There are 2 protein chains.
Amino acid sequence: MTDCEGDASVDLSPMELYEKLTAQGDKVRILKTEKAAKADVDAAVELLLKLKVDYKKITGQDYKAGCPPEGNEASQDNGPDAGDNDEDQVDPWNVSTTSAKGVDYDKLIVRFGSSKIEKDVVDRIEKVTGQKAHRFLRRGIFFSHRDIHQVLDAYENKKSFYLYTGRGPSSEAMHVGHLIPFIFTKWLQDVFDIPLVIQMTDDEKYLWKDITLEESHHFAHENAKDIIACGFDVKKTFIFSDLDYMGSSPAFYRNVVKIQKHVTFNQVKGIFGFTDSDCIGKISFPAIQAAPSFSNSFPQIFNGRADVPCLIPCAIDQDPYFRMTRDVAPRIGYPKPALLHSTFFPALQGAQTKMSASDPNSSIFLTDTPKQIKSKVNKHAFSGGRDTVEEHRQYGGNPEVDVSFMYLTFFLEDDEQLEKIRKDYKSGALLTGDLKNILIETLQPMIAAHQERRKQVTDELVRQFMTPRKLDFGS
Amino acid sequence: MTDCEGDASVDLSPMELYEKLTAQGDKVRILKTEKAAKADVDAAVELLLKLKVDYKKITGQDYKAGCPPEGNEASQDNGPDAGDNDEDQVDPWNVSTTSAKGVDYDKLIVRFGSSKIEKDVVDRIEKVTGQKAHRFLRRGIFFSHRDIHQVLDAYENKKSFYLYTGRGPSSEAMHVGHLIPFIFTKWLQDVFDIPLVIQMTDDEKYLWKDITLEESHHFAHENAKDIIACGFDVKKTFIFSDLDYMGSSPAFYRNVVKIQKHVTFNQVKGIFGFTDSDCIGKISFPAIQAAPSFSNSFPQIFNGRADVPCLIPCAIDQDPYFRMTRDVAPRIGYPKPALLHSTFFPALQGAQTKMSASDPNSSIFLTDTPKQIKSKVNKHAFSGGRDTVEEHRQYGGNPEVDVSFMYLTFFLEDDEQLEKIRKDYKSGALLTGDLKNILIETLQPMIAAHQERRKQVTDELVRQFMTPRKLDFGS
């Protein structure tokens, strides 16, 4: 899986973006001239429209062919309280928003064409599993889905399904945000008692980053230790490095080739924004992230069955991969995977800034000491409080932009306590320092416990998790 | 490996080609606007120039932007004695020429930038091996090379090298022309006593043809039997299906990804003529044909060494793959493979027509009976003889366009006998019927012996050849 990093059109200057738009317009005309397939034309048009939105966002002007941008210093930085007209950018390599509240997820649901997880979905999951819903579901952190009712229907009819999630191992350093899909996936595995496959896309990280194959493969193994430390059941979980598994499973490669036959360059260009200057490895990679969505990629687990339904919990930025996967699935005779999408985990500096593995102060890392956690939260966590204690007491703080409060919605289990914190902070009864202390006291034991569990993860245990084998799971 | 089949720009109407050219011109401008990498721009320009040559060939006019072609019925078919101005088309999916003598190979050497195999090269191979050169070398059937002296230098210095060739298994039916690279490769294996890897690109055939993975994989195994029947030594030969080997060798996949990181879409577009409407499988496939050129793709054979030189005997239409491979090699720290290029095997109907697996009369198939061979040669082999016996006796025949004579240059071992046939046919002493009889008597026992050897090839023997394993070879 890819992280939310990399280049996007919003990093371009207005003139560069203007030229890119003009070129894309030319490409659309060429496709139409060549009478290309409708899907290809649509994909190119989709990218064109996306660039136009970016252009307007950056320049404040509508794009007009033949009219280069006038003011190069337009409203590029309109601060944390920017208007709602701006469209957030969300793709596997870039997530950006100008709002301190973070990405507008309701708009994203409309744009991506997924479904919101309303209360009825949460209720149904509780009914089907007989368990209280995970706090990520109760609090809308997993906020969107595709076809979740289909896997629940199957489960109610005593048909099993399986879970698939993953990680792009771009460095040894993982932060708490990286754990979100794994914490939730472990809960799903426990309540449904189903098999889980976890893809480490070390091939992808080699293709996208300036690292060697050996480094990427090493990161995959190191990251696997942190993932295992989340408590997955070795009897039900298969973790694999692409670099290893592609070379040990003819069934996996067959599915990759099948998908690659049914996706054109025009399509990946429209979905992922690839250009003619991208390497052919990037261009064909989406098929490799798609393949684990089909159960016969794992004959050792599913006895060669191709029809076991798949549920993918992931951050919403990974959805483009699985939109493509769901588009291809019926054409190669496989069921479409279902999805559960999470929101993004905010950087300490605020929901509109990026976390970066190269900036240790942008998040809480899984290797941080209690002292580092305390210092980072106190120094760097963006506060929704007022400038003075007096003002705060009088007018109250804003939990909606306060990063400490956001982090607590992820990690504090007690709903009532969380609601009380929210109210007290908003009313001014709870000061920013108090709020930060609650977060520090929540994170310190959580991270320490993770470190303790990770220490128990031996190389032998990693080897067990990463060996292709039969898994034990419910009837 | 790909066969000489498929679509090419020369199959387009003048107007279609005009539109394709216009679109390609636009693309070049876009690349320049986007300030794309020089290699990418060069690749796009190379394709543009190629299209312009095709355009002139088809329309007789120079391409002018904004001026669509006038006469749509220009000199499209100028017969077997067409002038020398036309440029032959040679790429992995299409070989076409308008000359009955076949492709102009001297021009091809200049165009591809390879080196002609002159007498000094043949002499050196004889000196190094202590063996008389194979008739394919003596007669210029293997006519071109890249860096052959480097592998001969290495060999003289007691350093080993290895052979790599392959086949695209597009059907069960193989004809005698398909055996040319294998007959020659077996000779090379014998005289140098070196290991050989043979790639069956069943993934490629699945991507290019309307066949299933299972069919393609089945063809790979059936074709392997015909290849084994050429007499390869199981102790020195590894035959592999891509669909199987990719899924059983992490080292092979690692090299594929390495190559894919270092080749852009612009480059494969320039080299292979891919378009935005091609599937991502085709676009990334060239890396899979490139990877066996590097010895660490076969750790079981070379103990993980990456520096064992590789020599690739193949038909010249495969050269684009290996031009790309040689371009990438130094950038990923591997030696460039050396090449020996063969001419094409002509169809029975003449050197300017295509052989086709779907037209049984276009060649001699490896399953033909003696009766079928006799009938095909007599009925379909294009003759360089005169219209009447009297004229033939008086003016003589033309062995240069006579397909029976061409076939004899491939299969008749005795140089003196071949030269006598040529002279007698040219003088008129030898009639077409006599010449055809000599060919029939050469082919019948050759094909019968092949069929006998193929019958001995058990599934168990195929399994042995296709199992990744250590090979035994010279010191």
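**Close-up views of the domain and chain interfaces**

Across the interface of domain 1 of chain A and domain 2 of chain A, 0 salt bridges are found, a salt bridge being a side-chain nitrogen of Lys or Arg within 4 Å of a carboxyl oxygen of Asp or Glu. The model is predicted, so that local features need pLDDT of at least 70 and side-chain atom pairs count only at pLDDT 80 or more, while totals for chains, interfaces and linings use all residues. Residues are numbered from 1 along each chain as its sequence is written, chains are lettered from A and ligands numbered from 1 in the order in which they are written, and side-chain values use heavy atoms, with hydrogens and water left out.

**View 1. Domains 1 and 2 of chain A.** Chain A comprises domain 1 (14–59), domain 2 (93–348) and domain 3 (370–456), with bounds taken from an automatic or database domain assignment. Between domain 1 and domain 2 of chain A, the C-alpha centres are 29 Å apart. Contact (heavy atoms within 4.5 Å) involves 7 residues of domain 1 of chain A and 6 residues of domain 2 of chain A. These two domains bury about 750 Å² between them, 53% of it from carbon and sulfur atoms; buried area is the accessible area (1.4 Å probe) that two parts lose on being put together, summed over both. On the side of domain 1 of chain A, the most area is lost to domain 2 of chain A by Lys27(A), Asp40(A) and Leu47(A), which together account for 46% of what that side buries.

**View 2. The domain 1 face in chain A.** The rule finds 0 residue pairs in polar contact (both at pLDDT 80 or more) between domain 1 and domain 2 of chain A. A polar contact is a pair of N or O atoms within 3.5 Å; within protein, one must be able to donate a hydrogen and the other to accept it, and residues adjacent in sequence count only if both atoms are side-chain atoms. Helix H1 (14–33) and helix H2 (38–59) of chain A are the elements that give two or more residues to the domain 1 side; helices (H or I, at least four residues) and strands (E, at least two) are DSSP runs, numbered from the N terminus. H2(A) provides the largest share of this side, 5 residues.

View 3. The buried area between chain B and chain A is about 4100 Å², with 61% given by carbon and sulfur atoms. In chain B, Tyr253(B), Lys261(B) and Ile280(B) lose the most area to chain A, together 18% of what that side buries.

**View 4. Polar links between chains B and A.** Between chain B and chain A there are 4 salt bridges. Arg254(B) and Asp244(A) join their side chains in a salt bridge (3.6 Å, N to O). The interface of chain B and chain A also holds 29 residue pairs in polar contact (both at pLDDT 80 or more).
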